[in-house]
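Dear colleague,

I am handing over the structure below, and after it you will find what came out of the analysis.

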Amino acid sequence: MRWLLVFLGGGLGSLLRFELSGFVQARMGFAFPWGTLSVNALGCLAIGLLATWFDERSGTSIEARHLLVAGLLGGFTTFSAFGLETFRLLEEARYAAALGNAAGSLVVCLAAVAIGIAIGRST
């Protein structure tokens, strides 16, 4: 059942990301990726709100968490998960781990994009 909830939420989140990003980008111009920035910021706000709600309120269902956090927000933007995980490390005073996660994600992911582009261009 949890896979179905994540699947349904993810599809809706992807559609919302596509529409919101395109809407913002069309209005702000294409000199900067405003659409992606807006989706990432909204996703981070939403995951902070929802994760706190689910973690600190009794009576919330694990199914709702699967649908909304893993599914909807996972499809909307995985940057929100990165933001939440890094913030939680900071809350736990695990500063080196938070810095490692932030810097490592940036370096590793940019390197992976560059490798993917290189592979794509070589074939």
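In the protein, 54% of the contacts with a separation of 6 or more are between residues 24 or more positions apart, a contact being heavy atoms within 4.5 Å. This is a predicted model, in which local features need pLDDT of at least 70 and side-chain atom pairs count only at pLDDT 80 or more, while totals for chains, interfaces and linings use all residues. Residues are numbered from 1 along each chain as its sequence is written, and side-chain values use heavy atoms, with hydrogens and water left out.

The protein has 5 helices and 0 strands, where helices (H or I, at least four residues) and strands (E, at least two) are DSSP runs numbered from the N terminus.

The axes of α1 and α3, which are lines fitted to C-alpha atoms over the stretch in contact, with angles running from 0 to 180 degrees between N-to-C directions, come within 6 Å and cross at roughly 35 degrees. Among the residues making this contact are Leu5, Gly9 and Gly13 of α1 and Leu67, Ala70 and Gly71 of α3.

Leu67, placed in helix α3 (residues 62-76), is partly exposed, with a relative accessible area of 32% (buried is under 20%, exposed over 50%, partly exposed in between, with a 1.4 Å probe and protein chains only). Buried residues make up 22% of the 123 residues.

Best regards
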